[in-house]
Amino acid sequence: MPTVREASFDLFRAHGMTTMFGNPGSTELPMLADFPSDLRYVLGLQEAVVVGMADGFAQASGRTAIANLHTAPGVGNAMGAIFNAQANHSPVLVTAGQQARAQITLQANLTNRDAIRMPHPLVKWSYEPARAEDVPLALAHGAHLASLPPRGPVFLSLPMDDWYAEVDPADAAHAIERKVDGRAAADPAAVRVLADRLDAAASPVLVAGPDIDASGAWDLAIALAERQRLPVWASPATGGNRLGFPENHPNFRGVLPPAIGPVGQTLEGHDLILVVGSSVFPYYPHIPGPLLHEDSKLVAITSDPDEAARAPMGDALVADVKLTLAALLEDLPESTRPAPEPNPGPQEIPPSEPLNSSTVHTALGEVFPEDGIVVLESPASTLALRNQLRISRPGSYYFSAGGGLGFGLAASVGVQMAQPDRPVVCVLGEGSAQYAISAFWSAVAYKVPVTFLVLQNQEYGILKWFAAVEQVSGAPGLDLPKLDVAAVAAGYGVNATRANDREEVSGALAKALASSQPELVEVPVAAGMSLF
Ligand SMILES: Cc1ncc(C[n+]2csc(CCOP(=O)(O)OP(=O)(O)O)c2C)c(N)n1
């Protein structure tokens, strides 16, 4: 009879989940005993890093990733990262060890006494199996659910003595073999109606969201925009954990502002707004105004029923984004509308001393490889990076839709592990780097050759900008003098250097990109927001 452990590891293999991110404690050791050589364990030194790495790995590989945490305190440490994973629609199977069954009721030390409730409301499903022999089936349930739309994290609490129990081989084989396909196509009649509305519209526009990339619909979105001559806006950066459209394409207009009034104003003049693969909309901050101009109608295509249901305006079609765009294209003729105004491309940034973040991103653009990937967490320069780099290939941009800092540094390690043949550049503010700082250790330990670019503006720059928007003055805690990330990274074993002018920045980045080790370039930059 196979043990729970043997059956569970066979299940992981069957799902292609052969990389496990974790931070172990005594409650996890029985699971990890005699760890099989065909699986890979990636140690993170704090649980937020473990889940952040798994989030990046899941998104960049397109497969469910495992994050194995230490009972209640480990889950507690990971909560911010689990929040990010649900906002990113990232399929992560989070497991945590639990006290032995015989000692849960008496609440022995390390008992996660309300294990199932703890990660709510951030996970799609939270469970502790009723019997030890149910663990493989529960893991299968979790792995399938995490990868079904809307993708997202699930949680399993696993008592530490369960791994030795025996399971019925036939039951285990069923659990291991099952495949569940989650791509659901839209009703053809609804697609036909949408195609007719789009074709009949006088001035339609496309808003491209992250699920275009996640569902593999990149080329279809381009084909749709070109065939229907649609100008294209990226969904607001706040919710854009991935890009939905090439930002150097002639039809691309820019990134939508994230607040209610400005979104409505920006889309004014369009009688039909087609939102694909995004919520409507990831608003922030609160700048009120009409949701839409009175002459505008909106239709959203999303695989997430909740996104469809909670939208404050417009119609929605709940279905797989890729299948729906493919079906829509079949029903749509070449439009005779005039082509949209051409994309003006990046703005020239005048030289400044110290460097402006936009100039740093221009320098990055000069050396950024064709197949490069950016993982971004540099809040005051998010738009500058988007505007200067104009990333234009699928699977090339990752950002935290949840906004919880700590995603960027950790996720970049997972993204690079999932895409070992593509160069990954992780762009961080020096404040953001602190929330997952020990991910530098994992990058070094597993020789993950991320290029870290740290912008040192000695402040929480974006919060000063928010303070102005919110008309708040005199708030403490917004300055970060002399935070030396290069020195800290060096302490973890990262090759770290500083660059002070544009040539030094591009030179140091080119060198870092050519390295097969993690490398860090820290650049002192001017305070304030960089928008272009
Ligand atoms: C977990 C978490 N804590 C706090 C915040 C609030 N917050 C948003 S941006 C920011 C400052 C980030 O500073 P830095 O990385 O230096 O970037 P800058 O704004 O200067 O570009 C903070 C603290 C957050 N988003 N997430």
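Trainee: Which residue in S2 is the bridge partner of Met20?

Mentor: The bridge partner of Met20 in S2 is Tyr41. This is a predicted model, in which local features need pLDDT of at least 70, side-chain atom pairs count only at pLDDT 80 or more, and totals for chains, interfaces and linings use all residues. Residues are numbered from 1 along each chain as its sequence is written, and side-chain values use heavy atoms, with hydrogens and water left out.

Trainee: Why are S1 and S2 called paired?

Mentor: Two strands (DSSP runs of E, at least two residues, numbered from the N terminus) pair if DSSP finds at least two bridges between them. S1 and S2 (residues 40–43) have four bridges, in the parallel sense, and therefore they meet the definition.

Trainee: What makes S1 and S3 a pair?

Mentor: Three bridges join S1 to S3 (residues 65–69), and the two run parallel; Gly22 stands opposite Asn68 in S3.

Trainee: Which way do the residues of S1 point, and are they buried or exposed?

Mentor: Thr19 and Phe21 point one way, Met20 and Gly22 the other, and all are buried, that is, under 20% relative accessible area (1.4 Å probe, protein chains only).

Key
Buried means under 20% relative accessible area, exposed over 50%, partly exposed in between (1.4 Å probe, protein chains only).
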